[in-house]
Structure formats: C-alpha cells, structure tokens
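Open the model in your viewer and keep the selection tool ready. The tour goes stop by stop.

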Amino acid sequence: MPEFASLIEGYKRFRSDAYVKQKARFDALASDGQFPPVMIISCCDSRVDPATVFDTVPGQVFALRNVANLVPPFETGGGLHGVSAAIEFGVLGLEVRHIVILGHAQCGGIKASLSGSDLGQKGHSFVDKWVGIIDDAREAVLASNVEDPQHALELETVKVSLANLRTFPFIVEREKAGLLKLHGAYFGIAEGRLHVLDETTGIFTPQ
C-alpha cells in the first residue's frame with residue numbers, strides 16, 4: 001500500500017532529522033512527562049492540522065480532534081464521553097491554561113449538519129447524531145437567510161463549542177479564578193489565514 005509506505009518514509013525522515021534536532025526535548029518529555037500549556041479542540045479534517053497551523057513543537061499542545069471541532073454540553077448520563085474525558089484530563093490532569101476551539105473553512109461536518117451526512121450507509125448515522133449538537137445554531141443560521149450558510153455555521157459552531165465548554169463546572173471555576181482562558185479561532189484553508197474571535201463583539205479578526 002503506497003499510502004502507508006509514504007507514512008513510513010515520513011517517519012524515517014523524522015527519525016533522522018527532526019528527532020535528532022529535538023532529542024533533548026524528547027528525552028525531557030519522556031522522563032518528566034507532559035505539561036502542555038494549551039489545549040486545542042479542532043476538526044479531524046486532514047487539511048487542518050493544529051501542529052501545522054500553529055507550528056508547534058512536541059509537548060506544547062494537548063490536541064483533541066473530532067468531526068466539526070464540537071464540544072457537547074456537560075452531562076453525566078449514559079454513553080461514552082470521549083470528548084468530555086479529554087477535556088477533563090486536559091483541564092484537571094494537565095492543568096492547561098488555555099483552550100482553543102479551532103474551526104475551519106469547507107468543513108464536512110458542517111456540510112452534514114446543513115444537508116445530512118449522505119455517506120451511502122443506510123440506518124443509523126454517527127455523523128448525523130454527532131452534529132446534532134449544533135441543530136439550534138443551524139436553524140438560526142438558516143432562518144437568518146445569510147448568503148453563505150456554510151461559512152456562517154462554521155463560525156457559529158466555534159461559539160457553540162465555547163458556550164458548551166462553559167457548561168463544565170470545573171471550567172467555569174478555573175475561568176473565574178483566572179487559571180484558564182478560552183479562545184475561538186477559524187482557519188481559512190485556501191488563504192492559510194487564521195481568524196481569532198473577539199467574544200465581546202462576536203467578530204473574527206484575521207491575524
């Protein structure tokens with residue numbers, strides 16, 4: 001499989017170049033553990049890798065990726081809570097000081113919210129169930145008759161995820177104490193431009 005073989009070749013380049021240059025960092029991370037100051041919640045879209053967008057080094061970012069960079073509201077009912085578990089570990093276990101919600105352009109999860117996942121599989125859709133988190137935001141966007149509902153919902157989803165983060169009691173506690181800051185951002189793939197949300201105005205400003 002040439003695709004997998006290319007990954008192995010990439011690993012070999014990493015092992016002979018980047019790993020050698022950062023050997024001291026890897027040694028410290030192995031012996032001392034990880035203490036990343038930032039957690040990034042982003043989409044699993046292959047075009048939007050947080051490590052690439054922010055040019056980070058190993059140990060700098062605790063990354064959580066899922067379809068459409070969504071955070072579900074805090075709840076303790078049945079089911080598996082992978083996103084909530086990662087947030088809990090990042091905040092309580094690693095004591096990150098910043099959480100960034102990173103949305104992006106041409107998001108397939110947002111497209112699924114607007115039109116259905118349509119993945120050719122009959123029956124239950126995990127994608128449709130997951131993007132149900134933004135059903136209210138989708139309806140509001142569609143009711144507003146904006147010219148580009150895809151883009152509008154991509155931006156709104158960042159705000160929804162920030163709001164849902166604030167339903168976690170331990171996040172509210174740390175944010176009020178000044179121990180944790182929440183941030184929203186949006187990445188335009190074609191132009192490679194990052195936009196940062198000002199929560200006071202609700203506007204995303206290019207950097």
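Start by selecting Phe168. Phe168 is buried, at 1% relative accessibility. Here buried means under 20% relative accessible area, exposed means over 50%, and partly exposed lies in between, with a 1.4 Å probe and protein chains only.

A word on the source: this is a predicted model, where local features need pLDDT of at least 70, side-chain atom pairs count only at pLDDT 80 or more, and totals for chains, interfaces and linings use all residues. Residues are numbered from 1 along each chain as its sequence is written, and side-chain values use heavy atoms, with hydrogens and water left out.

**Stop 1: ring pairs**

The whole structure holds seven aromatic pairs. Rings of Phe, Tyr and Trp (its six-membered ring) pair if their centres lie within 6.5 Å; planes under 30 degrees apart count as stacked, over 60 as edge-to-face and the rest as tilted.

Helices (H or I, at least four residues) and strands (E, at least two) are DSSP runs, numbered from the N terminus. Phe74 is partly exposed, with a relative accessible area of 35%.

Now select Tyr186 and Phe204. Their ring centres are 6.4 Å apart and their planes are at 70°, so the pair is edge-to-face. Tyr186 belongs to strand E4 (residues 181-188) and Phe204 to strand E6 (residues 203-206). Both Tyr186 and Phe204 are buried.

Then pick Phe14, Tyr19 and Phe26. Ring pairs link them into a cluster.

**Stop 2: helix H9**

Select Val158, in helix H9. Val158 is buried, with a relative accessible area of 0%. Contact means heavy atoms within 4.5 Å. Not counting residues up to four places away in sequence, Val158 touches Asn69, Ile101, Gly103, Gly184, Ala185 and Phe204. Show Ala68 too: its C-alpha atom is 9.1 Å from that of Val158, though the two are 90 residues apart along the chain.

Move to Asn164, also in helix H9. Asn164 counts as buried, at 11% relative accessibility. Which residues does Asn164 contact, leaving aside its neighbours within four places in sequence? They are Val71, Pro72, Pro73, Phe74 and Ile133.

**Stop 3: the nonpolar cores**

A nonpolar core is a set of buried Ala, Val, Leu, Ile, Met, Phe, Trp, Tyr and Cys residues joined through side-chain atoms within 4.5 Å. The largest one has 26 residues. Those with the most contacts inside it are Met39, Ile41, Ile87, Val91, Ile99, Leu165 and Ile171. Strand E1 (38-43), E2, H5, strand E3 (98-104), H9, H10 and E4 each supply at least two residues of this core. A second, separate core of 11 residues includes Ala68, Ile134, Ala137 and Val141.

**Stop 4: the largest pocket**

Select Pro72, Pro73, Glu75, Leu80, His81, Gly82, Val83, Ser84 and Trp130: they line the largest pocket. A pocket is an open set of points on a 1 Å grid over the protein atoms alone, where a 1.4 Å probe fits, with protein on both sides within 12 Å along at least five of seven lines; lining residues have an atom within 4 Å of a point. Helix H5 (residues 82-93) gives the most to this lining, with three residues.
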